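Me: Could you take me through the features of this structure one by one, giving the general idea before the case at hand?

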Amino acid sequence: MQRVINFSKYGSNVLIVSVILTLIGLIYTFFYHGGYNWGIDFSSRVNINLSIEKSDIKENEIKRIFSPIYKTLDVKSIFSPDENKSEFSIMVKSDIIDYAFKTEVQKTIMDELKKTFNANIEVLDSYFIDSSFSSTLRIKSVFLVLGTFTLILIYIALRFKLSYAIASILSIFHDIFFIVAFLGVFRIEINSYIIVAILTIIGYSLNDTIIIFDRIRDNVKRLTDNTFLNILNISISQTLSRTVLTSVTTFVAVFSIYVFTEGSIKDFSLVFMVGVIVGTYSSVFIASPILLKLYKKIK
């Protein structure tokens, strides 16, 4: 006989503690740090695409040259059809962007690369992105996440009931706000990798929640002589081992990425590890208790 734990008993306390921590994190972010650490993807910047007439140059070599000169920059390799050349996209973040600054950055980059590699440098393309465009990208990213929430709401409402959908959305909102607070407190740079991590966390957390909700729905039909509270606790107990094992194996895999990588991928894996932990306990202690409160009120 499987032991049934009264998970709903702890749901309110877990939710209160988690919400308090999230609010503290958000307040700390805006009042102490003054906001988020937006990465180059969402900031005004100068972009220089260039070719170096020398093969096998690595991104880290370019970063080492310019890190002492520019506080925030990013370097990405570009595929070169000529195997004797190395091509890169170099982005330099700045609050003030104009043609004079772009020209100055381009000249500095050209001079330093020529001096370091003693090779011909060809500028393939150069441009700057101002703050209005980067603000548009931030807004689009927010709408992308909100659009994901809307599709999830429709999907779960069609597959289950509206009460299940609302409980799932509220649980995922909790997860995302917790991650957003975490990003702000620890000044993790928000770039395209982090947006991907947030969307991945939404999918991961939703998967856990749907598995529990699917078992609840089956048990509602099967265990007709039980209260919904008992059915909820039985269902969570039945799926708990699967939830924990999946979370542990996922966490271990992502942790190995965190240990053996650096830069944006390292930040991605760190955020995803936090998301795995938050998504796991929210599926058990937050989504299901919310469903319990909504089940009788919203069909």
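**Reading the model**

Reply: At 24% relative accessibility, R217 counts as partly exposed, where buried means under 20% relative accessible area, exposed means over 50% and partly exposed lies in between, with a 1.4 Å probe and protein chains only. This is a predicted model, in which local features need pLDDT of at least 70 and side-chain atom pairs count only at pLDDT 80 or more, while totals for chains, interfaces and linings use all residues. Residues are numbered from 1 along each chain as its sequence is written, and side-chain values use heavy atoms, with hydrogens and water left out.

Me: With which residue does R217 form a salt bridge, and how far apart are the closest N and O atoms?

Reply: Side chains of opposite charge can pair when their charged atoms come close. A salt bridge here is a side-chain nitrogen of Lys or Arg within 4 Å of a carboxyl oxygen of Asp or Glu. R217 pairs in this way with D214, the closest N and O atoms being 2.7 Å apart. Both residues lie in helix α6, three residues apart, about one turn of the helix, and D214 is partly exposed, with a relative accessible area of 21%. Helices are DSSP runs (H or I, at least four residues), as are strands (E, at least two), and they are numbered from the N terminus.

Me: How many salt bridges does a search of the whole structure find, and which residue pairs with K107?

Reply: The search of the whole structure finds four. K107 forms one of them with D111, with 2.9 Å between the closest N and O atoms. Because K107 and D111 are four residues apart in helix α3 (residues 99-117), they are separated by about one helical turn. K107 is exposed at 54% relative accessible area, whereas D111 is partly exposed at 37%. Another salt bridge joins E112 to K115, with the closest N and O atoms 3.6 Å apart; these residues are three apart in helix α3, again about one helical turn, and K115 is exposed, with a relative accessible area of 62%.

Me: How should I read the nonpolar core, and which of its members touch the most other members?

Reply: In soluble globular proteins, nonpolar side chains tend to be buried together. A nonpolar core is defined here as a set of buried Ala, Val, Leu, Ile, Met, Phe, Trp, Tyr and Cys residues joined through side-chain atoms within 4.5 Å. The largest such core has 55 residues, and Y164, F213 and I216 touch the most other members. At least two residues of this core come from each of α4 (131-159), α5 (162-185), α6 (192-222), α7 (228-260) and α8 (264-295). Helix α8 supplies the largest share, 14 residues.

Me: Which residues make the nonpolar patch on the surface, and which gather in the patch of negative charge?

Reply: Patches are made of residues with over 30% relative accessible area and no salt bridge, like charges being joined within 9 Å and nonpolar side chains (Val, Leu, Ile, Met, Phe, Trp, Tyr) within 5 Å. Accessible areas come from the Shrake-Rupley method with a 1.4 Å probe, and for residues only the protein chains shown count as cover. L15, V19, L23, I27, F30 and F31 make a nonpolar surface patch of about 610 Å²; F30 is found in helix α1 (residues 8-33) and is partly exposed, at 48% relative accessible area.

For charges, Lys and Arg count as positive and Asp and Glu as negative, with His and the chain ends not counted, and the place of a charge is NZ of Lys, CZ of Arg, CG of Asp or CD of Glu. E53, D82, E83 and E122 gather in the negative surface patch. E83 is found in the loop between β2 (73-78) and β3 (86-93), and counts as exposed at 70% relative accessibility.

Me: Which residues other than glycine have a positive phi?

Reply: D56, which is not a glycine, has a positive phi of about 60°; this residue is found in the loop between β1 and α2 (59-66) and is exposed at 63% relative accessibility. R187 also has a positive phi, near 55°, and lies in the loop between α5 and α6, where R187 counts as partly exposed at 31% relative accessibility.
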